[in-house]
Amino acid sequence: MKLELKGITKRFGTFTANDSIDLVVEPGKVHALLGENGAGKSTLMNVLFGLYVADEGEVLLDGKPADFDGPGDAMAAGIGMVHQHFMLVPPFTVAENVMLGHEQVKGAAKLLDLEAARAKVKEISDRFKFDVDPDAVIEDLPVGAQQRVEIIKALSRDAKILILDEPTAVLTPQETDELLSIVKDLRDAGTAVVLITHKLREVQAVADTITVIRRGKVVGTAEPTASQAELASLMVGRDVSMTVDKDEAKPGKVMLTVDDLSVVDEEGIARLKHVSFNVRAGEILAIAGVQGNGQTELAEALLGVVPTTAGTAMLDGEIITDKPIKDVLHSGMGFVPEDRTEDGLVASFTIANNLILDLHDKAPYAKGMALQPKVIAEEAEKHVEQFDVRTTSIEATASSLSGGNQQKVVLARELSRPLKLLIASQPTRGLDVGSIEFVHKRIIAERDGGAAVIIVSSELDEVLALADRIAVMYHGEIVGIVPPDTDRDTLGLMMAGAHEEEAA
Ligand SMILES: Nc1ncnc2c1ncn2[C@@H]1O[C@H](COP(=O)(O)OP(=O)(O)OP(=O)(O)O)[C@@H](O)[C@H]1O
Ligand SMILES: [Mg+2]
């Protein structure tokens, strides 16, 4: 089915998120939609999917105007969408979520439907090597698994038009490759695909057509043969450095000592097994590994969100493993969680208030019991400016921000106070290339200012760009700590469980 968007304009109040956008997506083609954070990509796709009503313009399917009253109509018309912010119902199972939105059925037929949905989940999950249990409850699943459910849901309907809004943001490299190969198969079978991604390698791998939008307007198109540098500069309107400049680290005193730290989860499974390491002031230790090998548990155990079963962590000479989270943060730890929407932000709070989440009762934001609105606002304006958070107002809610801009708010908060230790998990997830460049510079500045830094990243490029030392995790253990010039093959072997000596 051919999809045409003609003159789509979408406003939020006085802000124009989509400004007269034209887009044609041909059947049997992958159309990549690129643009910086807040450019209006998700908004445009939400209009197309019937979630928003456009103020102007129309959507044509095979030349005929489509008048969607909601996502149900869009699905009935053959459109499937993988949402950037998942639209799953947390207390429902995977199969129930996949079934939702299919036409209503009653009584015995409903049970049959659930059986069919379970079978479908199983089938697609096997095909992708996704390992998703149809009966798992969504809210118990980590983000990566939820992303896989979104994809399964969209694919379960044999859509003629498939919209993928950053489908790979939380997938492992292997899962990403599987997904891209399925996208190619669907395209070859005649599906029209819209792909939104900040990973230019993916664009180069599958796109047939590329459209770039900036500040709500189409600013150009590019050939699939375009280089990453060309795509990047078209997106952000300036040249972007794809490499990170940094001086040799000058490590100082040991800032963090982790000794024999262990975590056992609620089901009694060991997630972190006797991990010991140090991080010095002025150095970046990157934790590499396939997601799900204990990195999350390590970061969360250091902050104190998950209980430890053995071992200690000491920050600047003080044991932190027995302290409340709030005290750990106040003793000089900055923490960027891997799931910004769950753990990093309060969606219904304003941007200004999200920027002072753990600090609202501290000077200069409070004097005694009294909040200092003027100071809070001034600080917020400063952060929004520095981190280029695209918003109409610091009083807007975090939920109104685009995905990448939400991430920038979390980073702005955590990187703007004096830190002894920064722990950042997937710090640039969902950010556009220009913002990644900026955030990498800020993290290095943090190091050079004397903080100890731990970066947890499943992007090997990011690990190699930032790290002064690389710790590789596998099955809850650190299998080795190696220098940053270690080759990718060795790291790959270590990520698959080989110890340092075997891998080298
Ligand atoms: N419900 C809303 N209310 C107010 N403003 C909104 C709302 N939804 C989006 N916006 C604004 O519209 C702009 C475009 O947002 P959109 O989510 O489409 O960006 P995006 O291109 O998908 O960015 P990202 O790459 O970060 O996901 C943003 O500046 C955002 O703040
Ligand atoms: Mg988006």
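How much space lies in the largest cavity? About 30 Å³. The legends below describe close-up views of a predicted model.

**View 1. The largest cavity and its lining.** The count comes to one cavity of 30 Å³ or more. Its lining includes Gly289, Gln291, Gly292, Gln295 and Thr296. Glu338, Gln426, Val456, Ser457 and Ser458 also line the cavity. By class, eight of the lining residues are polar, one is nonpolar and one is charged.

**View 2. A nonpolar patch on the surface.** Phe12, Phe15, Leu51, Tyr52 and Met87 make up this patch. Together they have about 410 Å² of accessible area. Leu51 sits in the loop between helix 1 (41-48) and strand 4 (56-61). With a relative accessible area of 31%, Leu51 is partly exposed.

View 3. Arg118 and Glu115 pair through their side chains at 3.3 Å, N to O. These two residues are three apart in helix 4 (residues 107-128), so about one helical turn separates them. Arg118 is partly exposed at 27% relative accessible area, and Glu115 is partly exposed at 46%. In the second salt bridge, the closest N and O atoms of Asp126 and Lys122 are 3.0 Å apart. Asp126 and Lys122 are four residues apart in helix 4, about one turn. Both are partly exposed, Asp126 at 47% and Lys122 at 44%.

**View 4. The Lys323 and Glu318 salt bridge.** The side chains of Lys323 and Glu318 meet at 3.7 Å, N to O. Lys323 is partly exposed, with 25% relative accessibility; Glu318 is also partly exposed, at 47%.

**View 5. A salt-bridge network.** Glu36, Asp388 and Arg390 are joined into one network by salt bridges that share partners. The structure holds 25 salt bridges.

Methods
Residues are numbered from 1 along each chain as its sequence is written. Chains are lettered from A and ligands numbered from 1 in the order in which they are written. This is a predicted model: local features need pLDDT of at least 70, side-chain atom pairs count only at pLDDT 80 or more; totals for chains, interfaces and linings use all residues. Side-chain values use heavy atoms; hydrogens and water are left out. On a 1 Å grid over the protein atoms alone, a cavity is a set of points where a 1.4 Å probe fits but cannot get out, and a pocket is an open set with protein on both sides within 12 Å along at least five of seven lines; lining residues have an atom within 4 Å of a point. Grid points are joined across faces, edges and corners, and a volume is the space filled by probe spheres set on the points. Ala, Val, Leu, Ile, Met, Phe, Trp, Tyr, Cys and Pro count as nonpolar, Asp, Glu, Lys and Arg as charged, and the others, Gly among them, as polar. Patches are made of residues with over 30% relative accessible area and no salt bridge: like charges are joined within 9 Å, nonpolar side chains (Val, Leu, Ile, Met, Phe, Trp, Tyr) within 5 Å. Accessible areas come from the Shrake-Rupley method with a 1.4 Å probe; for residues, only the protein chains shown count as cover. A salt bridge is a side-chain nitrogen of Lys or Arg within 4 Å of a carboxyl oxygen of Asp or Glu. Buried means under 20% relative accessible area, exposed over 50%, partly exposed in between (1.4 Å probe, protein chains only).
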